[in-house]
Amino acid sequence: MATGTGTNRKISASSARAHTRKPKSNSHSRISGIFKKLLLVFFVGFLAWAYQAIKPPPPKICGSKDGHPVTAPRIQLKDGRHLAYKEFGVPKDNAKHKIVFVHALDTCRHDVSAITSGLSPDFVESGGIYIVSFDRPGYGESDPNPAQTLRSISSDIEELADQLGLGSKFYVAGFSLGGQIVWTCLKHIPHRLAGAALIAHYWWKGIPSNLSAEAYKKQLLQDQWALRVAHYTPWLIYWWNTQKLFPCMSIIARSTKVLSQQDVELMPKIHFLKQETASPAEDAVIFVETVRQQGDYESIHRDLAFAFGKWEFDPTELRNPFAEGSGSVDILVPATLQREINYHEVRGAGHKFLYADGIADSIIQALVS
């Protein structure tokens, strides 16, 4: 009905509510946006932290501005790297038997004393024994090799022998992880070998899985985890052995928990030999630190990833006509696995049995005879 003042219109209840309803607040969307930004910042920060945690520091190469001075004789390899070495025995020009010694994990060229300290001077002289020990890449005063392969380390040994004039054939002897390096020589340069001794070496995929599992479980739990990381995720090995949440590998921590009773009894002798090897200005502790002086990653961490990663060949499929040895109560490298290979077992001996009286003479005599 029209009137003079305007038109009356009926307004529905729903329309009235729509006109009187307050607009929805956009505070929820603002909170959601802030949360997403914070999540993104956290994620980026985590990635940055993770990258820094797994990224090893640059090496302190000997002879460089930031590195330690070079004190050992060295050869220069074809690719420009240097290998430091140490000689023992009769002059190589007069030697009947020339041996290249390959040191273990977390040791260096000086640890050839495990053999040389136990050799009879009469046997060395009459047998014409010459031994050269070298720092493997990244250890002591040898340059790191970021591109190291199973083939390259055997090539390093071959080139060392050639530059030192050891002749067309020479012997190799490897202690502990050094024994694994000897397998690369048996694979890649067998024509250059007069003999090989593998002392307390590790296991391989060709060994029955039940024996591998049995030996694996005999190790310390921290070592089991460290080997898992080295084998399956080698790019995490630096972080694993430097983080503080879980214990790192026992040998890296220099833990005595991994030592057998014989190993414990031999430790005073081992410490004395390191003290004797150190220069007058050093002590045995400083000598030990020179092993890792170019960086933990370049020496021990890269060594673990290299030795316990995935190899392109199975050493158990190779024929080794030479000498092998292990201790029957070795905790670090269980003897159970070595029994699958033709080798000599030293009853009651631990991982460091090479330092025991009479062992070095026996091994070297067996090697060259």
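Which residue forms a salt bridge with Glu 87? The views below start with that pair. The model is predicted: local features need pLDDT of at least 70, side-chain atom pairs count only at pLDDT 80 or more, and totals for chains, interfaces and linings use all residues. Residues are numbered from 1 along each chain as its sequence is written, and side-chain values use heavy atoms, with hydrogens and water left out.

**View 1. Glu 87 pairs with Lys 92.** The closest N and O atoms of this salt bridge (a side-chain nitrogen of Lys or Arg within 4 Å of a carboxyl oxygen of Asp or Glu) are 3.3 Å apart. Glu 87 is partly exposed at 39% relative accessibility, and Lys 92 is partly exposed at 22%. Buried means under 20% relative accessible area, exposed over 50%, and partly exposed in between, with a 1.4 Å probe and protein chains only.

**View 2. Arg 74 forms a salt bridge with Asp 143.** Their closest N and O atoms lie 3.6 Å apart. The pair links distant parts of the chain, 69 residues apart: Arg 74 is in strand E1 and Asp 143 in the loop between strand E4 and helix H5. Helices (H or I, at least four residues) and strands (E, at least two) are DSSP runs, numbered from the N terminus. Asp 143 is buried at 10% relative accessibility, while Arg 74 is partly exposed at 24%.

**View 3. Helix H7 spans residues 209-218.** Its buried residues are Leu 211, Ser 212, Ala 215 and Tyr 216. They fall within an arc of 130° seen down the helix axis, so they line one face of H7; the arc is that of the directions from the axis to the C-beta atoms. The face turned away from the buried side carries the exposed residues Ser 209, Asn 210 and Lys 217.
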